[in-house]
Amino acid sequence: MDEILESESSENNEDNMKKNTFKIISVQCGALKILFEGLSKIINNCTLYVNSEGIKIYEKVDDKCILFVKLLSEKFEYYECSNELAFKIDLKIFKLICKNIKNSHTVTLCKSEEDNDKISIILHEQPIREKYDMNIEMIDEYYPNICPIDYNMEILILSDYFKNIITNFKKSLCDNVNFIYINKKLLIKCEGKNYNNEIIIDICDNENDETQKNIEVLSDIEEDKIYNKCVQLKYLIYCTYFRNLQQYCKIYFDNNKPFIYEGNIASIGKYNILINE
């Protein structure tokens with residue numbers, strides 16, 4: 001692989017730059033494992049867009065839900081990409097490989113020009129190296145242009161706390177969850193077949209208040225305005241698959257805009273789940 005990525009002359013280097021090769025090394029094995037195992041619970045396959053800036057994923061679950069992932073090249077221990085490329089992977093198969101990943105591993109993901117329909121995943125823990133060659137499908141397309149959405153409502157919430165709320169709502173057998181914010185109160189409620197559940201959280205400015213450990217409003221909002229969003233529970237359950245990636249997550253919502261759940265992928269990137277009812 002090193003022979004492919006390192007040219008011996010400027011002429012060879014120009015030739016290599018036309019090839020679809022890359023090599024990525026990371027010690028953040030646990031985070032990558034959680035990320036791709038979580039994705040495999042939602043979709044069967046995904047397209048990875050790889051270039052010099054990093055790796056991106058954009059996948060429509062359906063007409064109401066979109067997954068975004070961005071892994072930054074500078075956050076990896078080693079990152080080299082010869083050319084912009086895109087390829088599709090089977091997440092069910094990738095999940096089987098991920099089950100062998102341990103936190104003590106260093107993972108290498110690489111692709112040579114000779115194997116245009118395969119990528120190699122190498123798990124290294126001295127003195128053992130495990131190598132898996134997985135089939136891929138090369139895609140002739142670029143990552144789509146995405147316009148950012150501005151929000152007045154941005155809430156930081158403890159990932160475990162959010163997961164516990166959604167788990168309780170799931171037990172109620174509800175279909176939808178309402179998020180309402182007004183006058184420094186966040187109301188999260190559902191109407192289920194088993195029971196109705198309503199959570200009222202007082203948002204205060206006292207940093208010593210116990211509530212502030214679970215939830216905090218980060219944005220400057222219009223205090224008299226009512227922020228209200230109804231979200232299908234099944235999409236919120238998707239968010240809980242990634243809770244172990246970070247201690248805190250963010251939620252964004254407004255009356256006429258999509259609901260967004262955002263989290264960090266350890267220190268190497270971010271992911272977003274956009275839900276548009």
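**Notes on the predicted model**

1. Let's start with threonine 240, which sits in helix α6, residues 233-240. Keep in mind throughout that what you are looking at is a predicted model.

2. Is threonine 240 buried or exposed? Threonine 240 has a relative accessibility of 14%, so it counts as buried, the cut-off for that label being under 20%. Its side chain reaches the backbone oxygen of isoleucine 237 at 2.6 Å. Setting aside residues up to four places away in sequence, threonine 240 touches Lys163 and Ile166.

3. Now hop over to lysine 92, which belongs to helix α4, residues 91-98. With a relative accessible area of 41%, lysine 92 is partly exposed, because that label covers values between 20% and 50%.

4. Which residues does lysine 92 contact, once neighbours within four places in sequence are left aside? They are Ser40, Ile43 and Asn44.

5. Five strands form an open sheet in the order β5-β1-β7-β8-β9, and the pairing is antiparallel. At the edges you'll find β5 (78-81) and β9 (128-135), each of which pairs on one side only. From one strand to the next, the twist averages 15 degrees. As background, strands of a sheet pair through backbone hydrogen bonds, in either a parallel or an antiparallel way.

6. How many bridges join β8 and β9? Strand β8, residues 118-125, pairs with β9 in the antiparallel sense over eight bridges. Serine 120 stands opposite aspartate 133 in β9, which makes a handy landmark to look for.

7. Last, the empty space. Rolling a probe the size of a water molecule over the atoms shows where such space is left. The largest pocket holds about 620 Å³. It is lined by 22 residues, of which Phe68, Ile146, Cys147, Pro148 and Asn272 are the closest to its centre.

8. Where does the lining of the largest pocket come from? Strands β3 (54-62), β4 (65-72), β18 (257-265) and β19 (269-275) each supply at least two of its residues.

Definitions and conventions. Residues numbered from 1 in each chain as written. Predicted model: local features only at pLDDT ≥ 70, side-chain atom pairs only at ≥ 80, totals over all residues. Heavy atoms only, no water. Helix = DSSP H or I, 4+ residues; strand = E, 2+ residues; numbered from the N terminus. Buried < 20%, exposed > 50% of the residue type's maximum accessible area, 1.4 Å probe, protein only. Contact = heavy atoms within 4.5 Å. Pairing = 2+ DSSP bridges. Axes fitted to C-alpha atoms, helices over the stretch in contact; angles between N-to-C directions. Polar contact = N/O pair within 3.5 Å; in protein donor to acceptor, adjacent residues only side chain to side chain. 1 Å grid on protein atoms, 1.4 Å probe; cavity = no way out; pocket = protein on both sides within 12 Å on 5 of 7 lines; lining within 4 Å. Points joined across faces, edges and corners; volume = space filled by probe spheres on them.
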